Amino acid sequence: VMKLNPQQAPLYGDSVITVQLTEEDKVEDDVVFYLVFTGSTVQHCTSTRKINPGSLETISPGHDCCETVKVALCASREGHPVLVVAEESFQFVQDEAYDAAQFLATCAGNQQALNFTRFLDRSRPPAADVDFLDEKVALAFRHLKLPAEWNVLGAEQSLSENIPRETLMHFAVRLGLLRLTWFLLQQPGGRGALSIHNNEGATPVSLALERGYQKLHQLLTEEGAREPDSWSTLSHTVHSGDYSVKHHRGLGVYLLTAET
């Protein structure tokens with residue numbers, strides 16, 4: 001039996017999983033280990049990296065629904081058939097970051113909800129928490145299947161630009177969420193949100209300046225600003241038909257997902 005730690009991951013994936021090997025699985029250097037996650041409608045295969053002879057590290061895949069899946073540890077060696085050396089169960093769950101992303105996505109044009117997010121800002125979380133929140137909510141947002149007509153400004157994006165209102169972009173900038181801001185900029189309505197004034201006359205750009213968020217201000221104002229470095233700690237995904245391949249740059253781990 002192998003031990004997986006933790007034994008669950010959020011739906012959007014990208015968290016580190018450690019695999020403890022049993023004595024008999026601690027093998028020579030030329031063996032390559034993979035984990036295969038089998039869900040009800042999709043299957044994932046992840047590469048691993050060795051931390052020491054007894055343990056491996058990998059990245060949890062993003063999954064399509066909350067469920068318990070079977071995980072098989074497979075060992076491959078040149079000239080030998082692939083062996084399944086151990087099996088374990090693993091759970092995909094919806095966490096607070098996922099709830100938050102869903103809430104924010106649905107309240108894109110809802111002024112009451114966006115004003116509530118301003119209220120949250122008064123209890124400023126410490127910087128480390130902001131960074132953690134930023135990463136998790138950006139990952140979750142990226143994993144949501146947003147409807148084709150989704151817009152950063154909500155369904156009423158046809159509202160004339162000069163009506164003062166709060167936007168999701170104001171929210172992301174006010175909290176200093178660099179990765180979420182970058183994500184929103186790439187979505188329909190993202191650039192348009194930058195020139196919208198709220199009731200105090202602040203735009204997302206003026207908020208970034210007023211709060212001294214230099215990187216964020218550059219991101220919003222510089223022509224051809226590149227994605228923030230902090231985004232590169234997240235994975236990069238390429239889709240092709242029913243398959244997608246994800247590369248987690250931090251650990252150098254690859255994930256292949258296929259519809260079963």
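This note goes through a predicted model of one protein chain, point by point.

1. Domains. The domain assignment divides the chain into domain 1, made of residues 3-94 and 234-259, and domain 2, residues 96-221. Domain 1 is therefore given as two stretches of sequence, and domain 2 as one. Taken over C-alpha atoms, the centres of the two domains are 33 Å apart.

2. The interface between the domains. On the side of domain 1, 9 residues make contact, and they meet 11 residues of domain 2. The size of an interface is often given as the accessible area lost when the parts come together. For domain 1 and domain 2 the buried area is about 960 Å², with carbon and sulfur atoms giving 61% of that area.

3. Polar features of the interface. How many salt bridges cross between domain 1 and domain 2? The rule finds 0. Polar contacts are found there, however: 4 residue pairs across the interface, with both residues of each pair at pLDDT 80 or more. On the side of domain 1 that touches domain 2, the residues divide into 3 nonpolar, 4 polar and 2 charged.

4. Strands around E9. Strand E9 covers residues 83-93 and pairs in the parallel sense with strand E2, residues 8-10, over 3 bridges. In this pairing Gln8 stands opposite Gln91 of E9. Strand E8, residues 67-76, runs antiparallel to E9 and is joined to E9 by 9 bridges. Here Lys70 has Ser89 of E9 as its bridge partner. E8 and E9 form a hairpin with 6 residues between them, and Gly79 in the turn has a positive phi of about 80°.

5. Strands around E12. Strand E12, residues 253-259, is joined by 5 bridges to strand E5, residues 42-47, and the two run antiparallel. His44 stands opposite Thr257 in E12. E12 is also joined to E11, again in the antiparallel sense, by 6 bridges. Lys246 stands opposite Leu255 of E12. E11 and E12 make a hairpin with 4 residues between them; the turn contains Gly252, which has a positive phi of about 65°.

6. The rule counts 7 salt bridges. One of them joins Asp14 to Lys246, with the closest N and O atoms 2.8 Å apart. Asp14 is in the loop between E2 and strand E3 (16-20), while Lys246 is in strand E11 (residues 243-248), so the pair, 232 residues apart, links distant parts of the chain.

7. Two backbone details to check by eye. Most residues other than glycine have a negative phi, and most peptide bonds are trans. Pro6 is placed in the loop between strand E1 (3-5) and E2.

Notes:
Residues are numbered from 1 along each chain as its sequence is written. This is a predicted model: local features need pLDDT of at least 70, side-chain atom pairs count only at pLDDT 80 or more; totals for chains, interfaces and linings use all residues. Side-chain values use heavy atoms; hydrogens and water are left out. Contact means heavy atoms within 4.5 Å. Buried area is the accessible area (1.4 Å probe) that two parts lose on being put together, summed over both. A salt bridge is a side-chain nitrogen of Lys or Arg within 4 Å of a carboxyl oxygen of Asp or Glu. A polar contact is a pair of N or O atoms within 3.5 Å; within protein, one must be able to donate a hydrogen and the other to accept it, and residues adjacent in sequence count only if both atoms are side-chain atoms. Ala, Val, Leu, Ile, Met, Phe, Trp, Tyr, Cys and Pro count as nonpolar, Asp, Glu, Lys and Arg as charged, and the others, Gly among them, as polar. Two strands pair if DSSP finds at least two bridges between them.
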